[in-house]
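User: Could you walk me through how to read the pockets and charged pairs in a model like this?

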Amino acid sequence: MAAPCEMIRDLAFWKNGPEPGKIYNFSGSSTTSCANARQRTMQPTTTGTSVLGIKFNGGVMLAADMLGSYGSLARFRGISRVMKVNDCTVLAASGDYADFQYIKSTIEQKIIDDECLDDGFNHNPKSIFSWLTRVLYYRRSKFDPLWNVCVVGGLNEGEPFLGYVDKIGIAYEASIVATGFGQYVALPMLREIVEKKPNLTQDEAREALIKCLKILFYRDARSFNKFEIVVVTKDGALVEEPQSAETNWEVAHSVVGFN
């Protein structure tokens with residue numbers, strides 16, 4: 001038979017010990033199963049909404065507003081979501097702005113590396129588009145996606161190029177593209193314009209994009225009436241100064257059926 005002191009020691013050891021339906025907490029250990037787990041971005045923080053793109057006779061034009069939404073708060077009203085990659089390639093993105101900054105800085109470093117090599121080879125829109133599809137699909141496969149939908153435009157061997165790639169690597173080329181809420185509102189409008197006149201002039205393409213951006217400002221709560229347009233032609237790529245469309249809110253009185 002065990003000595004009394006040993007029985008007391010055993011009772012002290014099993015105090016708060018395992019019982020049916022309960023878990024025993026060993027001293028010095030953590031009961032938090034995800035204490036050392038990796039953290040992923042489950043929801044973007046500061047986001048941008050629609051990006052629009054259209055081909056015209058001799059070039060490509062992209063447009064995006066300049067609002068960074070912090071949830072439902074119109075927090076940042078002057079951010080740029082377009083970038084000039086080189087004289088023949090431009091990029092715009094919707095989604096998480098921090099991830100767009102990461103993509104932008106990575107591409108800028110690739111351009112610097114190309115200039116340092118000075119081997120006569122430069123990135124064209126198709127190569128940037130192909131690279132983005134691989135990067136976004138790779139990050140998606142790691143369950144750590146870049147929360148962006150990107151639009152790449154430019155001139156590839158003298159021909160207009162326009163491509164779309166989303167955060168899981170789905171990609172396609174088209175004569176018109178739109179992201180975000182613009183896929184539901186602007187894309188049908190652009191499709192109708194292009195079907196009526198496939199070979200648009202630069203001014204007609206600009207007019208179509210501004211019209212769509214104005215409608216998005218009316219209909220999209222995350223849109224803003226301050227936008228940038230970037231144009232690529234044989235003369236090079238140009239990011240135009242921020243501008244606004246003329247709006248008329250008297251049309252609000254004719255909108256019925258929404259409470």
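Analyst: On a 1 Å grid over the protein atoms alone, a pocket is an open set of points where a 1.4 Å probe fits, with protein on both sides within 12 Å along at least five of seven lines; lining residues have an atom within 4 Å of a point. A volume is the space filled by probe spheres set on the points, which are joined across faces, edges and corners. Here the largest pocket holds about 290 Å³. It is lined by 17 residues, with Thr47, Gly48, Ser94, Gly95 and Gly180 closest to its centre.
This is a predicted model: local features need pLDDT of at least 70, side-chain atom pairs pLDDT 80 or more, while totals for chains, interfaces and linings use all residues. Residues are numbered from 1 along each chain as its sequence is written, and side-chain values use heavy atoms, without hydrogens and water.

User: How many salt bridges are there in the whole structure?

Analyst: A salt bridge is a side-chain nitrogen of Lys or Arg within 4 Å of a carboxyl oxygen of Asp or Glu. The whole structure has seven. One of them joins aspartate 144 and arginine 139 at 3.2 Å, N to O.

User: Are aspartate 144 and arginine 139 buried or exposed?

Analyst: Buried means under 20% relative accessible area, exposed over 50%, partly exposed in between (1.4 Å probe, protein chains only). Aspartate 144 is at 15%, so it counts as buried, and arginine 139 is buried too, at 16%. By contrast, aspartate 87, which bridges to lysine 84 at 3.3 Å, is exposed because its relative accessibility is 52%.
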